[in-house]
Amino acid sequence: TIGMGALTMGPNMFLPVFAQSVTGVGAIAAGFILASMSITWPLSSSLAGNLYLRIGFRNTALCGIIVAIIGASCFLLVRFPGPVWQLVAIQMTLGAGFGLISTPLLVGVQSTVEWGQRGVVTGANMFSRYFGQSLGAAVFAAIFNSGLSGMLERAPANLRAELPGVNKVVEVLQRHGSDPEVGLYLREAFFHSTRNVYLGIVIAGLITVVILLRTP
């Protein structure tokens, strides 16, 4: 559950800003891209019940994490600047995976204890998810900032003096009238830094797979 919480923070933190700064859509459209995950998440959660009755809680969660890894991996294949329909498809794939993970992990731990302990394990499950989100936010932000800083430091000599600091990149990208050459380089830097985040999501997913495989 900690792993799932960490995985959800990658797209939640960076995808809306990515959509606005790199693909150039508005704030409302960027919100809809992120919200597309909420279409497939409840659908797959509703199907998870039938699935875990057939193959078990662990194997259902394994199916979910594999789907989520596939979704995150697809972002690594996206070419700059990232077409909107591909971002929506990736989000919907991630939502389907998360739905298959969250339900069996919660019902699974509830079913292994007595009635008097179900409140405890439910609270522990929720705490683990929030802890994972905090952990994911910290780790993925560090990955993103490291990648963006590296891109800015490796910029061509004729652009380096005009580039902003890491904390000002989004502001410059969304400002009208910026130097087109500087804007293009910053968009590419933001794109590659976000790819690093999704690579981190894939790695976190693989770690979660290992943990699930060790679960009875």
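Which residues form one aromatic cluster? Phe 18, Phe 75, Phe 80, Phe 191 and Tyr 198 do. The model is predicted, so local features need pLDDT of at least 70 and side-chain atom pairs count only at pLDDT 80 or more, while totals for chains, interfaces and linings use all residues. Residues are numbered from 1 along each chain as its sequence is written, and side-chain values use heavy atoms, with hydrogens and water left out.

**Aromatic pairs**

- Rings of Phe, Tyr and Trp (its six-membered ring) pair if their centres lie within 6.5 Å; planes under 30 degrees apart count as stacked, over 60 as edge-to-face and the rest as tilted.
- The count by this rule is 10 aromatic pairs.
- Phe 18 and Phe 75 are edge-to-face because their planes stand at 65 degrees, with ring centres 5.5 Å apart.
- Trp 41 and Phe 98 make a tilted pair, at 5.4 Å centre to centre and 50 degrees between the planes.

**Placement in the chain**

- Helices are DSSP runs (H or I, at least four residues), numbered from the N terminus.
- Phe 18 is in helix α1 (residues 2-23) and Phe 75 in helix α4 (residues 57-76), so their pair ties together parts 57 residues apart in sequence.
- Trp 41 in helix α3 (residues 37-55) and Phe 98 in helix α5 (residues 84-111) are 57 residues apart, and their pair links distant parts of the chain.

**Burial**

- Phe 75 is buried at 1%.
- Trp 41 and Phe 98 are both buried.

**Charge over a ring**

- Arg 118 lies over the face of Trp 115, 4.1 Å from the ring centre; the rule asks for NZ of Lys or CZ of Arg within 6 Å of the ring centre and within 35 degrees of the ring normal.

Methods. Helices (H or I, at least four residues) and strands (E, at least two) are DSSP runs, numbered from the N terminus. Buried means under 20% relative accessible area, exposed over 50%, partly exposed in between (1.4 Å probe, protein chains only).
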